[in-house]
Every structure is written in C-alpha cells, then in structure tokens.
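Me: I would like to go through this structure and ask what lies behind each label. Please show it to me before we start.

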Amino acid sequence: MKTLYDVCKPRESVFDESKRDDTLDLSNLLDDSIDSEEFFRETYITEGMNLLFDTAFKRFEGKSSSGIIKLTQAMGGGKTHNMLALGVLAKDKKAREKVLDGKFKDFDQEINVVAYTGRESDLKFGIWGEIAEQLGKKDYFKDYYSPLMAPGQSAWINLLKDEKPTLILLDELPPYLQNARAVPIGTGTLADITTTALSNLFNAVNKAELHNVCIVVSDLQATYEEGSKILQHSFKELDNEIGRSAINIEPVGANTDDLYNILRTRLFEEVGTEEDVLEIIGEYKDALNEARQMQYTNYTVDELSLGIKNSYPFHPSIRDLFARFKENPGFQQTRGYIRLTRLMVKDLYTEDENGIIKAKEKALINAYDMNLNNGELVTTVKGIKSSISNAISHDIADNGSSVAEIIDKDTGKTDIQDISKLILVSSLGNVSNAIIGLSMQELMGYIVEPGRDLTGLKQSLDEYSTRAWYLYKDKNNRLFFKDIKNVNAELISLVDTYSYDFSKAKIKEFLEEKFMPIQKDCYQEVLVFPSIDEIDLSRDKVTLVLTEPSKDASGLKKELEKFFEDTTYKNRVMFLTGQRNSMDNLVRVGKNYVAINQIIYNLKYEDKLPESDPQFQQALDLYDKVNLELLSNLRESFVTLYYPKKRGLVQDDITMEFEENKYDLEEQIKNLLIDKMKFDTDVDSKEFREKFEARIFTNRQMQWNHIKERAATTTSWSWHHPDALEDLRDDMLRRGEWIETGGYIDKEPPAPETTVTVREIYEDEDTGEVTLKLTPQYGDIVYYEIGQDATESSSKVEDLSNFKTSELKLSFLCVDSKGKNPTGKPVEWTRQIKVKYNPPYTKGEKEIIELKATAPGVKILYTTDGSNPRENGGVYDGEIEIPKGTKFVQAVAVNEKLGIYSEPLQIEIKDKKFEIDKDKKVEIIEPTMYNSTAEVFNGLEELEEFNASISGITLGISKI
C-alpha cells in the first residue's frame with residue numbers, strides 16, 4: 001500500500017509561512033501583490049465561485065439586470081477569497097482567458113476595480129471618498145467631504161457612469177460601521193451617513209446608466225458577529241437595500257465536497273491516482289472487516305469506502321469530526337480548516353526528533369494525526385475551544401507525562417493517544433446543537449487502519465477511563481472531554497487538601513447561615529464556636545451561641561458556665577451544644593460538603609454547564625448524599641439548649657428537623673422556648689402589660705433605660721419580639737395611662753387638667769362676625785368672658801361647633817362636669833385682623849385709595865411717605881388722596897387698649913404711563929407770525945396741505 005509520502009506532495013506554502021495566502025485580503029488586490037498564476041494554481045473553483053464569475057462578467061457585458069452580488073457564508077467561509085479571485089480576473093486579462101476557459105472570449109475590455117475592506121477604518125472622506133479616489137475621480141465628490149455628507153443616487157450615477165465596466169468589492173463592512181458609530185457628525189454619527197451613502201449606492205447601481213457596474217458585498221451578518229447586532233438595531237435599511245435586488249451566492253457549498261477539494265488543492269501539488277486510492281480503500285476494508293468480526297464496531301465498509309473516495313487523502317473521520325466545531329464562535333470555517341490541516345500536513349512531512357517522517361507510515365490523514373506536543377498545533381486546537389486546555393495537558397499530550405502517553409509507553413503503542421485525540425476532536429464543539437463525544441463503536445471504526453492490532457485496546461481504554469481526569473461518558477455512553485475533573489476524583493482531591501481547622505471554619509460559616517435569624521424575634525444574633533472574648537452581649541439583643549460540647553462529653557463547657565455567672569445581661573444569651581464525637585464527625589463530613597459545593601459552583605459558573613448535563617447531575621446526586629449526611633450529623637451534634645430561667649441556666653433537649661431541605665431552625669428553637677414559657681407571643685394583651693408592670697416596671701416611676709436594664713438582667717422575664725416593650729410604652733403614653741416627665745415613666749399618672757382648643761372656621765366680612773369651633777379636652781363644658789379671664793361664673797358656650805362673636809379678644813375656660821379632671825387655666829383667643837383696600841382710582845384730578853379693616857373696634861393708621869404707620873401714621877377716616885410721587889401707601893389696623901395690631905399692609909403705587917389716543921385730534925397752540933406777504937402765502941399752503949385750521953388771527957396793516 002502506498003503511503004502519503006509516496007503519492008502526495010505538499011505545496012511549498014505548507015512549510016513556508018511567508019507564502020501562506022489564507023490571510024490575503026482586498027488590500028493585496030489593490031497593491032498588485034497577488035501572483036495570479038500561483039493564486040489560481042492553489043484555488044479550487046467551486047460551483048459558487050463559477051456562478052460568481054459568470055454573474056459578474058455578464059454584468060460587465062451589460063447583460064444582467066442585477067448589479068449586486070451578496071456572498072453568503074459563515075465567518076472564514078471563502079467570501080474574501082472569492083472576491084480576490086474575481087478581482088484578479090477583472091484586472092488580469094491573461095488569467096481571465098485561462099481560468100474562464102474560453103467563456104466571455106469576446107469580452108476584452110479593461111475593468112475598473114475598486115476594493116475596500118472594513119478593516120481599513122481610518123478613511124478621511126468616508127467609503128464614498130475611498131471609492132471615488134480609487135476610480136481617479138476624487139473631485140467628483142468634493143462637495144460631500146467637508147462636512148461629510150452622503151452622496152445621493154444621482155451623484156453615484158455621475159461618478160460610476162463609464163464606458164469601462166466597473167467592479168466594486170466591499171468586504172467586512174460591519175467593523176467599519178461599528179467604529180463609525182463612535183464618530184459624531186452633526187446630530188448623528190458617521191455610521192448614519194455611511195448607511196445612507198451605501199443605500200443610495202445600492203439603489204443607483206440598478207439604474208440603466210450603470211448597466212455595466214457590478215458590486216460584490218459580503219453578507220454583513222455572517223461576516224462579523226457584532227455586525228448582526230448593528231444591523232438588528234441601526235442598519236436594517238442598509239441590509240434591506242442589499243437584499244432587495246442582490247443575487248445570493250454561497251462560495252463553498254455546505255453539503256458538497258467543496259471543502260475537501262479546496263483542502264486538497266490548497267495543500268498538495270500532487271495526490272494519489274484513482275488506482276492508488278482504490279488500493280488504499282481495499283486495505284482499509286480488510287482491516288475494518290476484521291474489527292467488525294470482533295464486534296468492535298458497526299462502521300460499515302460502504303461508509304468507509306465512499307468516505308475515503310470523497311475526502312482522500314483525508315480519512316472520513318476528519319470530515320465528520322471537524323464539522324462538529326465549525327459553528328464555534330470565532331472559528332473561521334474554511335479558513336480555519338485550511339490552517340489546522342496545513343499544520344497537520346506540515347508535521348506529518350517533517351522529520352521528528354527521532355528522525356521519523358510519519359507520512360512514510362500512513363496512507364491517510366486521520367483526525368488524530370495532530371501532534372499536540374507541537375506548540376503551534378496545540379495552540380490552534382486550544383483556540384477552537386480554549387476550555388479544553390487542561391484536558392489536553394493532563395489526559396492527552398504533555399511531552400510524555402499525560403495519562404495517554406504513560407499508558408502507551410507501557411504498551412509500546414500509540415493507541416490510547418490516538419483514541420484520546422479522536423475523543424478530543426469530537427469534544428471541540430462549543431455551540432448548543434453540536435454533537436459531542438464518540439461511542440465505542442464510532443471510536444473503533446475511526447481508529448481502524450491497516451496494521452493496527454486492536455487486541456487489548458478495550459482493556460487499555462478502560463484503564464484510561466479510570467485514570468483520566470477530564471474524560472466523561474454521557475447518558476448515551478459517548479466518551480468526551482470537558483475541562484472539569486471527574487466529580488468523585490475532584491471530591492477526593494479537594495477533601496485531601498482541607499485541614500481540620502479549615503473544615504471547622506467552613507462548618508462555622510454553614511451554621512452561621514443556617515441559624516441566621518430571619519424573623520429576629522426569638523434571638524437577634526448568632527455566634528458559632530466563639531471564644532469567651534468574642535461573646536459581647538447587648539442589652540437589647542438575645543444572642544444564640546453554638547458551642548462545641550465539653551471535652552468530657554457532658555454538659556456545657558465550664559468556661560461558658562462561668563461566663564454566664566459573671567455576665568450582667570444574663571437574660572440575653574442561650575447556648576446550643578451536643579456531644580463531642582458527633583462534633584468530630586460533623587467536621588469530617590463538612591470537608592465533603594465544602595468540596596462538593598465547590599465542584600458544583602465550578603460546573604455552574606466557570607464551565608457554565610446546564611443542570612441537565614450528566615456530569616452536573618452526578619454532582620447534584622452526590623451533593624444530596626453529602627448534604628443528608630451533614631444534616632444527620634448536625635442533628636446529632638446539637639441536641640441540648642441552655643437558656644436562662646428564674647432559677648438560673650436550665651437545659652432542654654431539642655431535635656432538629658430537616659423536612660424537604662427546609663432549615664427553619666430559628667422557628668424550631670422559638671417553639672421550644674414557647675413550650676417552656678420562655679417566649680411570649682401575645683405581647684398586645686392586658687396580661688402581658690400586667691406581667692411587665694409586676695416583674696420589670698415595679699416602681700411607680702422609673703427611667704426607661706433602667707427598665708430595659710431590668711429586662712436584660714432578670715432571668716425570670718420571658719423573651720418576646722425586641723420591639724414589644726417600645727410598642728407597649730408608646731401605646732400607653734398615647735392612651736395617657738402612662739406619662740413621661742423629666743426622663744421618667746410614670747405608670748400611675750395624675751389626671752390631666754382640662755383645656756380647650758379654639759379654631760376660627762369662618763369670617764363674615766359684611767358683619768365683621770367670626771365663627772369659632774371649640775374643642776374641649778379632658779372636660780365637657782366651656783365658659784367665655786370678655787375683657788378678663790373666664791370663670792365658671794362667666795357665660796356658657798352653648799354651641800361648641802359654631803360659636804359666633806364680633807369681639808377682638810375672648811377668654812375660654814374648660815370644665816369637667818364629672819369632676820374627674822381638674823380645671824386648667826383659661827385659654828385666651830385673639831382675633832386676627834387685616835387691612836384691605838380697593839385698587840387706586842382717579843377722582844377729578846386726584847388719585848384716591850380707600851382702606852377697610854376686617855373687624856370692628858379698631859382704627860387704621862396710614863402713611864404715604866414710606867415711614868412706619870404704627871409709629872407715624874395718620875388716622876384713616878375716609879378716602880385718601882395719594883400725593884404725587886408716592887411710591888407706597890402703608891397701613892395697619894390697631895386697638896391699643898387690647899394690644900391688637902394687624903400685619904402692616906404695603907400698597908405699591910405705580911406711575912401712570914403717558915398714552916396717545918390715536919382717535920383724538922391734536923391741537924397745537926403756538927403763536928405764528930408772518931412778516932411778509934410771501935411768508936403768509938407759504939403758511940396758508942402748509943395749512944391746506946395738512947388739512948389744518950387756525951384761529952385767533954390778528955392782522956396788522958402798515959404803510960409802505
């Protein structure tokens with residue numbers, strides 16, 4: 001059987017990085033750095049490329065109605081290469097004749113070629129300026145450069161209209177548009193203007209004047225991942241404009257042999273003949289039949305034969321497994337395949353450190369033929385799925401130190417390394433729909449080759465499965481790699497790293513979380529395994545202390561008993577403890593609990609696996625087991641509650657219940673204390689108040705702080721909601737059953753004195769009478785008096801809600817007719833008075849203003865010179881003439897005898913403006929003297945011109 005080395009000759013570019021052409025872009029077309037002969041020698045002409053050539057050249061001949069071609073393919077799918085191919089043909093007539101094989105032989109015109117890639121983002125005059133400049137017509141768009149404006153449809157037609165055909169290649173527009181979004185222009189951005197300009201271009205190219213202009217644009221959404229977001233929000237109009245009349249062409253057929261034809265053409269100058277391929281197929285069929293007889297695989301001979309025929313010199317495994325990661329984010333499909341297979345071919349044909357050229361030993365290039373100890377190759381593979389890195393270095397390839405390499409070293413073969421790489425390639429898919437992993441039948445089918453002994457391979461694979469850290473099996477028994485250690489192995493590995501103190505600290509965190517008070521009525525703080533110095537009791541909070549049991553396994557630790565005896569706030573602490581041996585078990589199980597939680601966290605947040613993932617499910621099952629064991633130990637570790645009672649610290653057994661993973665430990669402790677009458681829930685009852693006054697509020701008058709101190713130190717006092725005492729105090733003060741004076745609370749206060757509140761509800765400006773509403777407090781009868789304090793001998797108010805009076809000042813007295821509340825002091829009411837005025841008005845030649853007080857029995861004092869009317873005012877006895885030049889009139893209403901003064905009133909006097917009445921005649925009184933006959937006649941003419949008249953004429957006659 002002929003080997004790769006015998007019949008397949010790689011191209012020089014496989015080994016020479018300077019000759020790699022998969023990184024070419026449109027800039028290489030513009031600078032004429034593409035060797036057209038070499039370019040097409042390494043280019044396989046796909047059906048899509050042929051269709052592109054045919055469509056474009058028909059357009060150049062003016063025989064195609066559509067001037068826009070859209071290349072639709074995922075990233076790296078051949079769009080740029082197709083553009084370059086068309087551009088080379090447009091520029092190079094010789095290449096055109098050879099590649100098109102006589103097609104369009106009558107078409108011999110020069111073609112204008114414009115090429116722009118969106119990676120060139122620093123365009124001073126926008127894309128339209130770049131197109132104009134490449135055509136040598138930069139000045140055509142000079143009116144659209146400063147400021148930048150989008151050329152319209154007519155402007156594009158004027159620019160592109162030419163006897164010579166024009167090809168415009170636009171590649172990777174989204175990166176440019178994304179960058180342009182950050183460039184403000186006017187009220188929008190450069191992206192907005194560019195979108196309009198290109199829309200106008202795409203619309204213009206289908207006009208009759210541009211019948212020989214062809215635009216080729218790469219699919220915006222597929223070109224650049226971010227581009228789809230841009231289009232979705234900002235550039236739908238542009239995308240619609242492209243799609244409205246464009247012809248869609250797929251450069252590389254998705255369900256064809258295009259890819260392997262491209263790889264063959266790009267990487268090899270020569271490949272085996274049909275006879276060579278048939279010989280290889282025969283050898284592989286024999287090896288596969290042997291494997292099928294051993295029931296190692298169900299891979300059929302027909303599948304293998306057809307696969308080799310279509311993909312030679314590549315094994316069909318590459319066709320299947322490489323397709324699994326083609327949709328990975330960032331993977332560039334055709335370009336990515338070329339790069340990966342180039343490196344594989346380069347490695348196979350390069351002599352290794354042992355002087356071996358692997359191509360001399362192989363007939364086909366298999367998916368496992370990637371040397372992962374080659375830095376360039378392993379970097380490429382990790383780039384496809386970076387999260388697989390740890391699996392490679394530990395389980396597959398690490399210069400002889402990986403699990404697969406160690407197992408193969410013992411057997412003297414490469415079987416496990418080859419199998420591990422097949423599993424690896426099958427695990428590179430990184431999208432939700434990707435097929436991950438290989439079944440045993442598939443693995444054996446792909447690894448079968450002439451000369452490979454499969455005996456013992458399954459045994460070696462079983463050993464590998466137990467030793468590999470990152471190898472998994474799904475529910476369909478497919479083997480695959482993930483960058484997460486096996487759960488059980490990871491658990492053991494993590495537990496071994498935890499010390500007793502570390503585990504105890506984690507158990508402390510767990511207990512703090514589970515006993516953390518939510519309702520905060522039974523206890524408000526929790527301390528877990530504190531030292532004596534860490535226990536700091538508060539007067540207003542109950543603290544639950546979880547403590548390790550005594551070393552002799554009986555009762556509370558002696559140091560805690562002493563702490564309780566010495567503390568002041570004995571009624572503010574309780575202790576929960578248990579048995580020593582249970583505590584040791586709890587710490588041990590705590591290591592497992594911490595480890596499994598860390599593993600689940602990594603699965604969820606670092607690897608971002610869904611809970612439906614089999615490994616995640618295994619971790620969750622293990623978590624349930626560990627959690628159950630932890631709860632069981634928790635129930636056994638904390639079984640005794642110590643709390644204060646009248647006779648001191650007492651204890652009761654408590655059994656923690658964990659139903660359906662509900663950690664209502666706070667409620668369980670509270671229920672025990674309620675049952676033992678150490679916790680009160682009915683804090684609003686009369687009984688609670690009476691108990692409080694009997695046990696804590698024992699003196700008639702006490703300071704509230706002293707009362708709170710007694711509640712915190714009196715162990716016979718039961719616990720309750722922490723706000724209960726403040727609520728009781730506020731309620732009793734509000735109801736008047738307690739009073740607070742001088743910082744003391746009096747629980748037997750004297751009856752309050754009577755008083756009355758007075759509120760003015762209505763004022764009758766015509767009668768000067770006001771209506772008052774009187775509200776007695778602690779009494780029911782109100783008396784009133786004029787001119788002195790009211791007494792019980794004064795007049796009685798009959799209608800408390802509508803008491804009418806014209807008085808300026810009254811005294812009211814409230815009396816409790818039942819005699820329960822003593823009579824308080826009289827309450828004085830003084831009427832609020834004001835001065836009002838009417839707007840100034842003119843009376844003859846005088847400006848007059850009138851004032852009025854809102855109540856009788858007062859006089860009004862006023863000034864017009866700006867001085868204080870209360871001190872310098874004249875008495876108002878009628879209308880006031882406002883002196884000329886007065887700025888303000890000020891007034892105040894007073895009753896000096898009763899000491900009543902209104903608020904000063906200030907009235908601004910505004911100057912009257914001179915206004916011309918256009919409807920009245922103007923009379924000019926001015927003596928006029930004419931001293932001569934000429935002056936008399938001139939004057940009469942002026943009077944006649946203005947239709948004026950004169951009166952009071954005096955004639956003077958004199959001799960001449």
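Reply: We can begin with burial: a residue is buried under 20% relative accessible area, exposed over 50% and partly exposed in between (1.4 Å probe, protein chains only). Helices (H or I, at least four residues) and strands (E, at least two) are DSSP runs, numbered from the N terminus. The model is predicted: local features need pLDDT of at least 70 and side-chain atom pairs count only at pLDDT 80 or more, while totals for chains, interfaces and linings use all residues. Residues are numbered from 1 along each chain as its sequence is written, and side-chain values use heavy atoms, with hydrogens and water left out.

Me: Which residues of helix α23 are buried?

Reply: In α23 (residues 440-447), the buried residues are Leu443, Met444, Gly445, Tyr446 and Ile447. They pack against α17, α22, α24 (457-467) and β11 (479-481), where contact means heavy atoms within 4.5 Å.

Me: Why does Asp418 count as buried?

Reply: Asp418 has 8% relative accessibility, which is below the burial limit, so it counts as buried. Its place is in helix α22 (residues 415-426).

Me: What does Asp418 touch, leaving aside its neighbours within four places in sequence?

Reply: Asp418 is in contact with Tyr368, Ile447 and Arg452. Ile447 is also one of the buried residues of α23.

Me: What makes the pair of Asp418 and Arg452 a polar contact?

Reply: Their side chains make the contact at 2.8 Å. The limit is 3.5 Å between two N or O atoms; within protein, one must be able to donate a hydrogen and the other to accept it, and residues adjacent in sequence count only if both atoms are side-chain atoms. The value of 2.8 Å falls within that limit, so the label applies.

Me: What makes α14 largely enclosed by the rest of the structure?

Reply: Ten of the ten residues of helix α14 (residues 258-267) are buried, so the helix is largely enclosed. Among them are Asp258, Arg264 and Arg266.

Me: How many aromatic pairs are there?

Reply: The structure holds 30 aromatic pairs. In one of them, the ring centres of Phe141 and Trp156 are 5.2 Å apart and the planes stand at 90°.

Me: Why is the pair of Phe141 and Trp156 called edge-to-face?

Reply: Rings of Phe, Tyr and Trp (its six-membered ring) pair if their centres lie within 6.5 Å; planes under 30 degrees apart are stacked, over 60 edge-to-face and the rest tilted. The centres of Phe141 and Trp156 meet the distance limit and their planes are at 90°, so the pair is edge-to-face. It links distant parts of the chain, 15 residues apart: Phe141 is in the loop between α7 (126-134) and α8 (153-160), and Trp156 is in helix α8. Both are buried, Phe141 at 1% relative accessible area and Trp156 at 0%.

Me: Which residues do ring pairs link into a cluster?

Reply: The cluster holds Phe688, Phe692, Phe697, Trp704, Trp717 and Trp738. The ring of Trp704 also has the charged end of Arg729 over it, 4.9 Å from the centre.

Me: How do you know that the charge of Arg729 sits over that ring?

Reply: NZ of Lys or CZ of Arg must be within 6 Å of the ring centre and within 35 degrees of the ring normal. Arg729 is 4.9 Å from the centre of the Trp704 ring and is placed over it. Likewise, the charged end of Lys360 sits over the ring of Tyr5, 4.8 Å from its centre.

Me: What is the peptide bond from Ser146 to Pro147?

Reply: That bond is cis, with omega near 0°, and Pro147 is found in the loop between α7 and α8. Another cis bond joins Tyr312 and Pro313, with omega about 5°.
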